[in-house]
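Please look through the model below before reading on.

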Amino acid sequence: MNPALEVQTVSLSLGAFSLCDISFAVSPGEVFVILGPSGAGKSVLLEMIAGFHRPESGTITMAGREVTTFPPEARGIGLIFQDYALFPHMTVRGNVLFACRRDPGRAVSALSRLGLADLADRWPASLSGGEKQRVAVARALAMDPRLFLFDEPLSAQDARTRDLLRDELRGLLRQLGLPAVYVTHDQTEALVLADRLAVMNAGRLVQTGTPSEVFNAPSNEFVARFVGVETVLEGRIAAGSDGDVRVSLGTHDIHAVGDGASPRVLVCIRPENVVVARGMLADSSVRNQFPARVTSVSAQGPLFKIALDCGFPLAAYVTRQSFLELKLEQGSHVVAGFKATAVHLINRE
Amino acid sequence: MAVNRASRGMFLLFWLAGGLLIAFILLPLLQMAASQTPARLGRVIAMPDVRAAILLSLEAAFMTAALAGLLGVPLAYLLARLEFPGKSVVEAMVDVPLAIPHTVVGIALLFVFGRNGLIGGVVNRLTGFRFWGTAGGIVVAMLFVSAPYAVNAARVGFESVNVRLEKVARTLGVGPWGVFTQVTLPLAGRGIMTGLTLTFARSISEFGAVIVLSYFPMTAPVKIYDLFIQFGLNDSSAMAVVFLTVTLVLFILFRSLVRGRRRPHGRRWSPGRPTSLGHGQ
């Protein structure tokens, strides 16, 4: 089966932005997230897929048909912008009718599919964020799209609304079963929504894979830091090869799993994989245990982020309950532990 | 903004200055209106050439606004949406008419639209139509001095339309013309109508450029000048009051039409309000 969307070695420079040799494919029904910092070129890439910019080289293919030179109106792509870009001079019904060449039957079916029948006569300015989101999706749906594109649709919402809309959107995307490319700078959105994702930086896709591949095994330091790996340290393989290795961090050695192919490595440890205890973790599979001192504590939503000094810097997340039970504060002496399998090694040179 | 004690003095002073300016605008007009007698107004209204002049002014200003819209709205859209080399020069060109004395405008236009002018001569030889001494000349003169208002206000109107709305509209299967007529134009409507209203107002008040290019047929300002030269202040001021009343009523009517479009349901949308998305709820 042909991919719903296939972008092949596409390059484009546009003012301050450039896209460099970008390739990826989206399968039918798949949600593909492009995750990257602002200025990475995500929106330019999305607008290029939608047909607003023509690539200088490379091709864009949709379901086996090349569309590289097609104008936006001939591509059948539903584009959902930040704040949803509803037409303010049309009612909800008017917005949807616009997309289906004034065919009332299709408008009604799109509206009812999104549960919007009761809102059909309302003006966009009177809708809540969630209602706007559904109207935007209904409008795109009325055009009978072959692909959805989302350009940071949640970035202007406050944190609470964002969580709600994100979950609603995930439900919608699963329910509709249409392929989608979703652009965001928010790693939580990427984790929640993506079937597969690509991390983008400075006009290039630097890593593509499933969320767990990218989040647990980042391919370079930029990806590691961007997907929330708090501890990234330079190390040297001290012993072992192919499997169980010991990595020297200078004063301390840690156990890790690696191929030992390169003597110099970057050690990546996600904070949620670090255990903090008051004493040594006896009889456990946690092979890396170090006495540590708490250097700072900060609240991160429902979790607390604990910065530790074990002779090397280490960051850990603990729940509120653990935080209270362990009576953690700056200067506390604790034991920090993490499994060898929680250490991801990136080979250097 | 809440006016607290500390800023009250400043606001008072600003009200005083603003009030003086408003009084300065209103006083001469009211004084002139107050010194008319019904009999004199009636006599002036009864003159056929006075009525013809006022009608001609309205017709020519209407034509001018239509032409300014036809030629100025596309330029306004280009200026609002595109960056191109020489854009600042084009912007300056649009504003040039504001800086030229209107008699100079009239003389310059004679060089192009006059008997031996580049356009005037050719058009006259081909069709027999003259720009000098006709309503055509009046419209040409009015258009030159009022076009900047149409272009600049329409441009502000277009700039207030979020470009994302146009992009989304394209992806929904509608081509560039459809998007322009169904999304951009209605949303920029208030800016465009404001521009055309200003164009109309500027055109109807034009005297200098018109009198050089086409003394005849007489527009209302020319006729008022003519009455003033021939018969003095009484008749000319009476016609001035009649003319002012007609134009002010039209002006107020236009403005309320532009502002007052209402929608039946929900939070109302008014044309041309900046559509910075997301501030709606």
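Chain B contains 12 helices and zero strands, where helices (H or I, at least four residues) and strands (E, at least two) are DSSP runs, numbered from the N terminus. This is a predicted model, in which local features need pLDDT of at least 70 and side-chain atom pairs count only at pLDDT 80 or more, while totals for chains, interfaces and linings use all residues. Residues are numbered from 1 along each chain as its sequence is written, and chains are lettered from A and ligands numbered from 1 in the order in which they are written.

**Chain B**

The C-alpha trace of chain B spans about 65 × 65 × 35 Å along its principal axes. Of its 281 residues, 36% count as buried; a residue is buried if 20 or more other C-beta atoms lie within 10 Å of its own, exposed if 12 or fewer, and partly exposed in between, with C-beta atoms placed from the backbone. Two residues are in contact if their C-beta atoms, placed from the backbone, lie within 7 Å. Among the contacts in chain B between residues at least 6 apart in sequence, 78% join residues at least 24 apart.

T134(B) is placed in the loop between α6 (118–127) and α7 of chain B, and T134(B) counts as partly exposed because it has 15 C-beta neighbours inside 10 Å. Although T134(B) and Y225(B) are 91 residues apart in sequence, their C-alpha atoms are 18 Å apart in space.

**Where the chains meet**

How many residues of chain B are in contact with chain A? There are 25 residues of chain B in contact with 27 residues of chain A. On the chain B side, the elements that give two or more residues are α8 (163–171) and α9 (176–204) of chain B, and α8(B) gives the most, with six residues. The residues on this side of chain B divide into nine nonpolar, 11 polar and five charged; here Ala, Val, Leu, Ile, Met, Phe, Trp, Tyr, Cys and Pro count as nonpolar, Asp, Glu, Lys and Arg as charged, and the others, Gly among them, as polar.

**The largest nonpolar core**

A nonpolar core is a set of buried Ala, Val, Leu, Ile, Met, Phe, Trp, Tyr and Cys residues joined through C-beta atoms within 7 Å. Of the 172 residues in the largest one, I49(A), L149(A), V181(A) and A141(B) touch the most other members. The largest share of this core, 15 residues, comes from helix α7 (residues 135–159) of chain B. When residues up to four places away in sequence are not counted, L149(A) touches several residues, including L46(A), I49(A), I77(A) and V181(A).

**Domains and strands of chain A**

The domain assignment of chain A gives domain 1 (5–226) and domain 2 (231–347), and such bounds come from an automatic or database domain assignment. The C-alpha centres of these two domains of chain A lie 37 Å apart, and the contact between them takes eight residues from domain 1 and five residues from domain 2. On the domain 1 side, the largest share, three residues, comes from helix α8 (residues 221–226) of chain A.

Two strands pair if DSSP finds at least two bridges between them.

| Strands | Sense | Bridges |
|---|---|---|
| β11(A) and β14(A) (264–269) | antiparallel | six bridges |
| β11(A) and β12(A) (243–248) | antiparallel | three bridges |

Within these pairings, T231(A) has I269(A) in β14(A) as its bridge partner, and A239(A) has R246(A) in β12(A). β11(A) and β12(A) form a hairpin with three residues between them, and G240(A) in the turn has a positive phi of about 90 degrees.

**Backbone details**

Most residues other than glycine have a negative phi, and most peptide bonds are trans. A63(A), which is not a glycine, has a positive phi of about 50 degrees, and A85(A), also not a glycine, has a positive phi of about 45 degrees. A63(A) is found in the loop between β4 (57–62) and β5 (65–66) of chain A, whereas A85(A) lies in the loop between β6 (77–81) and α2 (92–99) of chain A.

Is A85(A) buried or exposed? A85(A) counts as buried because it has 28 C-beta neighbours inside 10 Å, while A63(A) is partly exposed, with 16 other C-beta atoms within 10 Å.

In chain B, a cis peptide bond joins F216(B) and P217(B), with omega about -15 degrees, and P217(B) lies in the loop between α10 (208–213) and α11 (220–231) of chain B.
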